[in-house]
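Work through the exercises below with the sequence and the structure in view. Each task is followed by a solution in steps.

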Amino acid sequence: MKHQSTFSNIIKVSLILAGVLLTPVDSRSQNSPAQLNTNKVIIIGFVGGLRSPEDINQGVVQIRNRLRDVNCTNLQVSTFSHFHWRKTYTNIFQAIDLDRNSTLSDEELRQAPRLIIIGHSLGGWAVIKLARRLEKASIPIELTVQLDSVGIGDEVVPGNVKFAINYYQRNQWPIRGEKRIRAENVSSTNIINNILIQNVRHEALARNIQISDFITDKVLALCLK
């Protein structure tokens, strides 16, 4: 059964990379990971497939633009291609490493920004890849949001994530995101819900207003803390 699930995931990834999402990435429009800093609330969004992180038709980009209008001086919101999760990790680490000694002290971790990581399609897979890498550095994550997440191993949320939520659809075959995410450590991670969005296809799911409202409310709550 496990081999069958892995094979299914490989097929899903291959289909997306092979041409389901064909818009090329414009490298000139990428948000450079070096732009991240030590703001108190940082939102990272990953688009899927070969989509540009500046494509305003992408739900993750629309959420980013909405959050940029939120009245919160300590908020920073950036979007990236899922290919760039490693560079994003490096930048987050460097932003927290205030004394530049390549290690994170307890005090630096206490001052670390609160992170929310969002991803659609292969961007949902990048959410978990980034979260696992941050876990190795003991960097906590306030919330992860997976939107019709596609990838191998993206159903298990690592223990450094405080809250996680998953949205998925069943209207577009064979691209169907993870139906159920679960916590690797139930004592440290609260899975808020696995929510089926009805009557929507894979790409449109990330533009759902219910999702945008949920994320905006969570960000506003963090800004008030």
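**Exercise 1.** Which residue's side chain does a polar contact join to that of Arg64?

Solution. The model is predicted: local features need pLDDT of at least 70 and side-chain atom pairs pLDDT 80 or more, while totals for chains, interfaces and linings use all residues. Residues are numbered from 1 along each chain as its sequence is written, and side-chain values use heavy atoms, without hydrogens and water.

Step 1. A polar contact is a pair of N or O atoms within 3.5 Å; within protein, one must be able to donate a hydrogen and the other to accept it, and residues adjacent in sequence count only if both atoms are side-chain atoms.
Step 2. The partner is Asn65, at 2.9 Å.

**Exercise 2.** Is Arg64 buried or exposed?

Solution. Buried means under 20% relative accessible area, exposed over 50%, partly exposed in between (1.4 Å probe, protein chains only). Arg64 has 5%, so this residue is buried.

**Exercise 3.** In what order do the six strands of the open sheet stand?

Solution.
Step 1. Strands are DSSP runs of E, at least two residues, and helices runs of H or I, at least four, numbered from the N terminus. Two strands pair if DSSP finds at least two bridges between them.
Step 2. The order is β2-β1-β3-β4-β6-β8, with parallel pairing.
Step 3. Because β2 (75-81) and β8 (190-196) each have a single partner strand, one side of each lacks a neighbour in the sheet.

**Exercise 4.** How many bridges link β1 and β3?

Solution. Strand β1 (residues 41-47) pairs with β3 (residues 114-120) over six bridges. Gly45 has Ile118 in β3 as its bridge partner.
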